[in-house]
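Please look through the structure shown below before reading on. The report that follows takes up a few local features in turn.

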Amino acid sequence: FNLSLIENVENMSDKVADKPAPAKPPQLDDIPELLTTMVEETGEKSAAATKRIYELCDVGHKQNRVPMVCSGKWDVLTPLAKCLTQESGDGRHLACLALNNLSIPTENKRVMALGPASKDVIGGLCKVIAEDKQESYLCCICLMNLSFLEASITTILQHSPVEEGEAPVDPLGNTNSLLRVLEKLLTNSPSVPKSGSGKSEGVRWACGLIKNLAKSEENAALFGKTDIPKCVIENIRSTTAPPSRWTSNSLEDFSLFVVLNLAQWPISKEALLEAGAIDAVKPIMSEGDLQGLKATVSCALLGAEWSAFPDGAQPASKSTAELMTNIVEKKGKDGQYAYGVFKLYTATKAFCDLSKAAAAGDSGDGESNTKTLAVPSAVALCFQVISDLVLAAADDADGSSKYVPDVKSAEHCACAIEYLLPAVLQASDPPRKSVQSEKAAGEIAQMLTAYADLSGTTEVGQVAAKNAAGKIRASGGTARPVLEISHDLWTQYRKREGQPLDQ
């Protein structure tokens, strides 16, 4: 996705930089001389040298991209970043194209976003966007490319330049910070910019960049204190294209992803709710494709009521449980999403928030809503996530899981189980004694207690697990079909993985 995106930009750029080919194609050995010309000359001479650097890493010379950045022989990044500040359009444009190509390989992203030249690279790209130059969309694509390296996203959004010798300024308080520059780009664009225009491309790729940057809680908190949440909701609200026609990497596709990522964290969630996010996103839930899934997950995370989910929330329950399963099994869904697009803590939080909405929608001790979510495969998956964390915490454990969950995911699963207990513990009709249910209740309560006692378990997770363990233990003796089948599925999983059954 990341690659093809930039190759398309390269194809566009080949038309831009299509001057008569020089007699001798450039070689890597020419780099020192070209860098000297780029830095010491100006105007056409400098632009011609920049063009040769670009040609060295263009679509026909992909093999040069990693050596140019990672070999340690040259510093091509600082001179290219310097060219971004040139007034001459040609040199600036060619530097943007070259940086875009160099930002594609994974190895290069770390050097460009976190290495010695990162301040110059991020600063140069940010300056072009701030000055609203025609290359600003290329700079957004380049930064978006770098932001696929998750280790870089906090550093990128913390970019907040000040004059030399001045005290650092928080990104929120600095009009020149990347955060404020992106906000300005989104708020100053016409509500429906002409499709394909420089302005609309800038806004589109800025939303793609924000989508990646919004994956961390720290960054989401910053976005939540700007007008960016309001802008992405407006993008969704004002589109004329039906969601079934939204293509991958379109403005609408990116905007809905931004909503999903921001909805996970408290400060940015609040900003989305104030902007009317639930009403804007709710109609998209009835789509059965990727956009429908994103809208469903977003509405769950935003705390939409159970009644807001179409068809008695059957599709929502099925798709969020399937998403959790696919992530744990390290697979995507054909035609919708690849593995790695969604994080386990996002999927488990959506399932947990949906369970909360179901429990709140059930009257008194009823279980009609929670029953929709408490299918044995989903309940067993929650047990699996929690027990895998317990297992990972024991250093000497055999057969630890192929997917080690994070602390947050385990917390979400513990809370989901507590919300779903009315359905999970529903007695058989007519009631009967069951040794199997008693065994299941004992093992599950023991595992939940072990999770609650882990040093890294959050207070919320502890309370939910202890409450659930107490109620499950007390339910033993009477047949509980959902609990039994869920326990059986969880046991099968542990046997397959060669895990101990007495944890």
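Is aspartate 311 buried or exposed? In this predicted model, aspartate 311 is exposed, because its relative accessible area is 61%.

## Positive phi in two loops

Aspartate 311 is placed in the loop between α18 (290–301) and α19 (314–328), and although it is not a glycine, it has a positive phi of about 50°.

Lysine 330, which belongs to the loop between α19 and α20, is likewise a residue other than glycine with a positive phi, here near 55°. With 42% relative accessibility, lysine 330 counts as partly exposed.

## An enclosed helix

Helix α13 covers residues 217–224, and six of its eight residues are buried, so the helix is largely enclosed by the rest of the structure. The buried residues of α13 are Asn219, Ala220, Ala221, Leu222, Phe223 and Gly224.

## The crossing of α14 and α15

Helix α14 (residues 228–238) and helix α15 (residues 251–262) have axes that come within 9 Å and cross at roughly 135°; the two helices are therefore oblique to each other. Their crossing is left-handed.

On the side of α14, the contact is made by Pro229, Val232, Ile233, Asn235 and Ile236, while α15 contributes Leu251, Ser255, Leu256, Val258, Val259 and Leu262. Sorted by class, this contact of α14 with α15 holds nine nonpolar and two polar residues, and no charged ones.

## Aromatic pairs

Across the whole structure, a search finds five aromatic pairs. Because tryptophan 265 lies in the loop between α15 and α16 (266–274) and tyrosine 345 in helix α20 (residues 344–361), the pair ties together parts that are 80 residues apart in sequence. Tryptophan 265 counts as buried, at 12% relative accessibility.

Tyrosine 337 and phenylalanine 342 form an edge-to-face pair, with 5.3 Å from centre to centre and 90° between the planes. Tyrosine 337 counts as buried at 8% relative accessibility, and phenylalanine 342 is buried as well, with a relative accessible area of 6%. Together with Phe257, the residues Tyr337 and Phe342 form one aromatic cluster.

## A cis peptide bond

Aspartate 429 and proline 430 are joined by a cis peptide bond, for which omega is about 0°. Proline 430 is found in the loop that runs between α23 (407–424) and β1 (433–434).

Conventions
Residues numbered from 1 in each chain as written. Predicted model: local features only at pLDDT ≥ 70, side-chain atom pairs only at ≥ 80, totals over all residues. Heavy atoms only, no water. Buried < 20%, exposed > 50% of the residue type's maximum accessible area, 1.4 Å probe, protein only. Helix = DSSP H or I, 4+ residues; strand = E, 2+ residues; numbered from the N terminus. Axes fitted to C-alpha atoms, helices over the stretch in contact; angles between N-to-C directions. Parallel < 35°, antiparallel > 145°, perpendicular 65-115°, else oblique. Left-handed = near helix turned anticlockwise from the far one by under 90°. Contact = heavy atoms within 4.5 Å. Nonpolar A, V, L, I, M, F, W, Y, C, P; charged D, E, K, R; others polar. Phe/Tyr/Trp six-rings, centres within 6.5 Å; stacked < 30°, edge-to-face > 60°.
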